[in-house]
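Visitor: I would like to learn how to read a structure like this one. Please go feature by feature, with the general idea before the case.

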Amino acid sequence: MNKRFLQNVRFAPASSSFPISQNDFFHLKSKAFLVHKLSESTHLFLTNSLKSSILKLGFASDTFTINRLINSYVKLRETNTARKLFDEMPEPNVVSWTSVISGFNDTGQPQTALSIFQQMHEDKSVAPNEFTYASVFKACSALAEPRIGKSIHARLEMSGRRSNTVVSSSLLDMYGKCNDVETARRVFDSMIGCGRNVVSWTSMITAYAQNARGHEAVQLFRSFNATFERPNQFMLASVISACSSLGRLQWGRVAHGVVTHGGYERNHVVATSLLDMYAKCGSLSCAEKIFWRICCHSVISYTSMIMAKAKHGLGEEALQLFEEMVAKRIKPNYVTLLGVLHACSHSGLVTEGLGYLNSMAEKHGVVPDPRHYTCVVDMLGRFGRVDEAYALAKTIEVGAEQGALLWGALLSAGRLHGRVDIVGEASKRLIQSNQQVTSAYVALSNAYALAGGWEDSESLRLEMKRGGNVKERACSWIEIKDSVYAFHAGDLSCDESGEIVRFMKELEKRMKERGHRGGSSSSMIISSSVFVDVDEEAKEEIVSLHCERLALAFGLIHLPSGPTIRIMNNLRMCRDCHEAFKVISEIVEREIVVRDVNRFHCFKDGSCTCRDFW
DNA sequence: ACTCCGTGAC
């Protein structure tokens with residue numbers, strides 16, 4: 001207690017005419033003082049001592065004071081103490097409930113937040129207000145729990161309570177995080193009445209951006225700018241990530257311009273999203289510039305840069321960056337290790353990759369999870385160690401979604417190395433778990449056909465048709481200047497004059513001169529021009545492996561020249577591919593940047609949304 | 001009086 005403060009308290013005279021007694025006055029003053037101190041406290045020690053004073057002075061049943069105390073503990077992330085205080089409250093009010101719920105939200109325990117809300121609902125003594133609903137929707141969006149969220153939304157509507165901007169924003173954010181963009185949009189549209197602010201616009205832009213609908217995100221950003229309000233750092237980071245998923249460097253650059261104009265360049269989140277955008281849009285050099293300008297690096301900025309290098313086939317540099325980060329005592333997390341393993345996988349550093357997998361728990365305190373194992377299975381499979389990959393895959397327990405990636409990786413490995421047994425096993429697992437069903441059927445059918453099991457192959461095709469599984473046509477595109485050109489798998493109509501074939505042969509020749517005989521990329525390039533006796537689906541698969549190269553050739557021959565050609569592909573780069581592009585650069589004497597948009601292509605149901613692009 | 005919403009690496 002502050003002694004000077006107590007000494008300075010002048011007590012009112014003890015007369016019956018005075019409305020409060022000396023004792024009351026002391027109480028009121030000390031309560032105000034304690035509450036004031038509580039709001040300032042940033043140390044557990046101070047809050048603890050204030051708590052004992054509060055209890056000693058008999059404020060244990062004073063809801064307002066205890067609410068403040070709960071909040072102080074919530075701010076110190078001492079949720080258990082906050083919870084205990086709350087549980088002992090004789091009369092918790094709506095603020096007490098909401099404070100505890102939001103406390104569990106803030107400490108990453110949304111499940112507990114929801115269970116407290118449920119308790120509040122069953123208790124019935126206190127009705128939730130708009131603050132409570134906003135917190136609860138936030139918990140649902142953290143859990144991506146649409147079922148509970150919807151029922152609470154219904155409860156809110158039934159209560160007849162008018163939604164305010166904050167509640168609606170958290171609601172639309174929740175629907176966005178649960179991948180229900182249409183409902184999110186309906187909530188956004190309904191907000192014309194209660195007023196939208198930057199947060200609600202940002203929530204809607206984010207909902208589009210995080211659900212692979214970058215065009216709508218950018219469109220909405222344009223509409224927002226028409227309102228003459230200024231975007232803030234939250235909105236900019238979201239728009240930039242929409243540009244990344246679209247792979248449109250021009251738009252990304254415009255967004256960068258808005259960032260500079262608004263003075264948000266030094267914001268870390270914005271800078272990291274710019275870094276990621278440049279990397280995904282093919283400009284590693286710009287990504288690096290952004291990276292070196294960041295003054296105080298975090299695990300996320302390092303991870304983004306490691307991923308960027310990995311995607312561009314610069315495995316050694318990515319690993320170097322990782323070691324540098326560890327030396328700076330920035331603790332890597334599971335995403336960082338995923339980046340490291342990706343780097344090894346994309347650059348053929350198999351031994352290094354296995355080393356990182358085996359030592360990451362001990363050295364970096366990150367226990368490998370199914371995603372890390374999937375990455376290593378992919379790496380082993382890519383470099384011909386298919387049996388090891390299969391053996392590893394069998395030991396991993398996965399859910400359906402991750403299983404699709406795991407067995408999908410093994411499927412490609414089996415296909416790449418002509419292992420019918422592995423293709424069969426992987427396809428069956430995919431079909432059984434109802435994941436990537438179409439591509440699994442195609443691969444399985446092709447595997448049977450190759451092995452001579454025509455009857456199996458035929459019956460599978462029938463099964464596929466009955467199930468309504470139609471294979472999406474693979475497609476690639478390139479962006480030159482501000483135009484986008486699309487190429488569909490199996491479509492060689494663009495090659496009327498045979499120039500692509502000639503270009504491919506020239507490339508093959510140069511690759512051979514460089515000693516890349518029979519390497520995966522050169523042989524594949526040639527195969528794209530000579531499918532003669534291959535059946536329709538197998539041909540489509542081959543072309544889908546090559547279409548970015550076809551696109552490139554087409555672009556070189558028929559399209560206006562520019563300083564940079566960027567290629568979107570749905571392949572990961574191996575060392576050979578990288579080498580191929582270097583050779584192409586020499587041929588055309590132009591910078592060629594390759595990018596990887598795996599994320600954009602692959603969705604949970606295995607569908608490809610390339611067509612949304614047009 | 002105290003309590004609420006939106007951003008970056010996978």
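Guide: Start with burial: a residue is buried under 20% relative accessible area, exposed over 50%, and partly exposed in between (1.4 Å probe, protein chains only). This is a predicted model, in which local features need pLDDT of at least 70, side-chain atom pairs count only at pLDDT 80 or more, and totals for chains, interfaces and linings use all residues. Residues are numbered from 1 along each chain as its sequence is written, chains are lettered from A and ligands numbered from 1 in the order in which they are written, and side-chain values use heavy atoms, with hydrogens and water left out.

Visitor: Is K309 buried or exposed?

Guide: K309 counts as buried, because its relative accessibility is 5%. For chain A as a whole, 49% of the 614 residues count as buried.

Visitor: In which helix is K309 found?

Guide: Helices (H or I, at least four residues) and strands (E, at least two) are DSSP runs, numbered from the N terminus. K309 is in helix α18, residues 299-311. Chain A has 32 helices and four strands.

Visitor: Which residues does K309 touch?

Guide: Contact means heavy atoms within 4.5 Å. Not counting residues up to four places away in sequence, K309 touches L284, E288, L314, E317, A318 and L321. Of these contacts, take the one with E317. A polar contact is a pair of N or O atoms within 3.5 Å; within protein, one must be able to donate a hydrogen and the other to accept it, and residues adjacent in sequence count only if both atoms are side-chain atoms. The side chains of K309 and E317 are joined by a polar contact of 2.6 Å.

Visitor: With which side chain does the side chain of Y73 make a polar contact?

Guide: The partner is the side chain of N48, at 2.6 Å. Y73 sits in helix α4, residues 63-75, and counts as buried because its relative accessible area is 0%. Leaving aside neighbours within four places in sequence, the contacts of Y73 include L44, T47, K51 and L85.

Visitor: Which residues of helix α11 are buried?

Guide: In α11, residues 181-190, the buried residues are V181, T183, A184, V187 and F188. Seen down the axis of α11, they fall within an arc of 165 degrees (taken from the directions from the helix axis to the C-beta atoms), so they line one face of the helix. R186 and S190 are exposed on the other side of α11. The buried residues of α11 pack against α10 (165-177), α12 (198-209) and α13 (214-226).

Visitor: What is the value of phi for R77?

Guide: Phi of R77 is near 60 degrees, a positive value in a residue other than glycine. R77 is found in the loop between α4 and α5 (79-87) and counts as exposed because its relative accessible area is 53%. N179 also has a positive phi, near 65 degrees, and lies in the loop between α10 and α11.

Visitor: Which residues come nearest to DNA strand B?

Guide: A residue is near a molecule or strand if one of its heavy atoms lies within 4 Å of it. Of the 45 residues around DNA strand B, F64, K138, N232, N333 and R371 come nearest. Helix α16 (residues 268-280) gives the largest share of this surface, six residues.

Visitor: Which base atom does R371 approach?

Guide: A polar side-chain atom of R371 lies 2.7 Å from a base oxygen of DNA strand B.
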